Amino acid sequence: MYHLGEGSRMRLKDMIVGAAMTGAGIAYLRMAGNLPEREGVDAATVPGMLAWMMIALGLIEMVGAWRRESSSATRTGREGVVTVGLTLLLIAGFIAALRPLGFPLATALYLFLQFLVLTPRETRPPVPLYAGLAVASAAVIFMTFRFGFDLLLPAGPLVAWLN
């Protein structure tokens with residue numbers, strides 16, 4: 001009987017995750033296609049963009065797993081489980097903080113902490129860079145939705161400066 005090595009199992013898992021993400025993106029795209037359409041930005045715009053991004057990320061994951069050498073396991077299983085657990089906790093915290101803090105502050109905080117979680121343990125995290133990226137990303141996303149798409153996101157305490 002043939003046994004897969006640790007690297008081969010990681011590649012197989014990554015291929016399965018990539019295929020699942022691509023499939024979920026395709027299903028989401030089909031569901032988004034059933035939403036009513038209007039001229040310009042409508043209810044189907046953002047779900048459609050998210051679906052295409054899911055499909056692209058799934059394909060990137062599959063290609064990366066396929067190209068990776070079978071002997072290279074990037075993280076041990078335990079570290080991966082801890083990272084996933086922390087990510088799920090951060091997502092729950094983001095959802096809880098969205099209403100009181102508003103989208104810009106909650107998103108900047110979430111992104112900063114997520115960057116720290118995803119930084120490999122053997123690397124020293126560039127905290128100022130992470131903070132700047134988190135704040136800039138949250139601001140660009142908020143402004144795009146608020147003023148570009150004319151969709152209201154919760155502003156939290158920043159609402160006084162936006163009127």
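The model is predicted, and the annotation comes from an unreviewed UniProt entry.

**Annotated spans**
- The UniProt entry, which is unreviewed, gives the annotation "transmembrane region" to residues 12-29, 49-67, 79-97, 103-120 and 127-149.
- Residues 103-120 are 89% helix and 0% strand, with 27 Å between the end C-alpha atoms.

**Helix α2**
- Helix α2 runs over residues 45-67 and has 23 residues, and the distance from its first C-alpha to its last is 33 Å, close to the 33 Å expected at 1.5 Å a residue.
- The buried residues in α2 are Thr 45, Val 46, Pro 47, Gly 48, Ala 51, Ile 55, Gly 58 and Ala 65.

**A nonpolar patch**
- Val 84, Leu 88, Ile 91 and Ile 95 together make a nonpolar surface patch of about 380 Å², and Val 84 belongs to helix α3, which covers residues 77-118.
- As background, residues three or four places apart point the same way because an α-helix has 3.6 residues a turn.

**Ile 141**
- Ile 141 lies in helix α4, residues 127-148, and counts as partly exposed because its relative accessibility is 33%, a value between the 20% and 50% cut-offs.
- Although Ile 141 and Pro 104 are 37 residues apart in sequence, their C-alpha atoms are 8.3 Å apart in space.

How values were computed: Residues numbered from 1 in each chain as written. Predicted model: local features only at pLDDT ≥ 70, side-chain atom pairs only at ≥ 80, totals over all residues. Heavy atoms only, no water. Helix = DSSP H or I, 4+ residues; strand = E, 2+ residues; numbered from the N terminus. Buried < 20%, exposed > 50% of the residue type's maximum accessible area, 1.4 Å probe, protein only. Expected span 1.5 Å × (residues − 1). UniProt positions renumbered as here; feature names shortened; annotations may be inferred. Patch = residues over 30% accessible without salt bridge, like charges linked within 9 Å, V, L, I, M, F, W, Y side chains within 5 Å. Areas by Shrake-Rupley, 256 points an atom, 1.4 Å probe, with all protein chains shown as cover. Salt bridge = Lys/Arg side-chain N within 4 Å of Asp/Glu carboxyl O.
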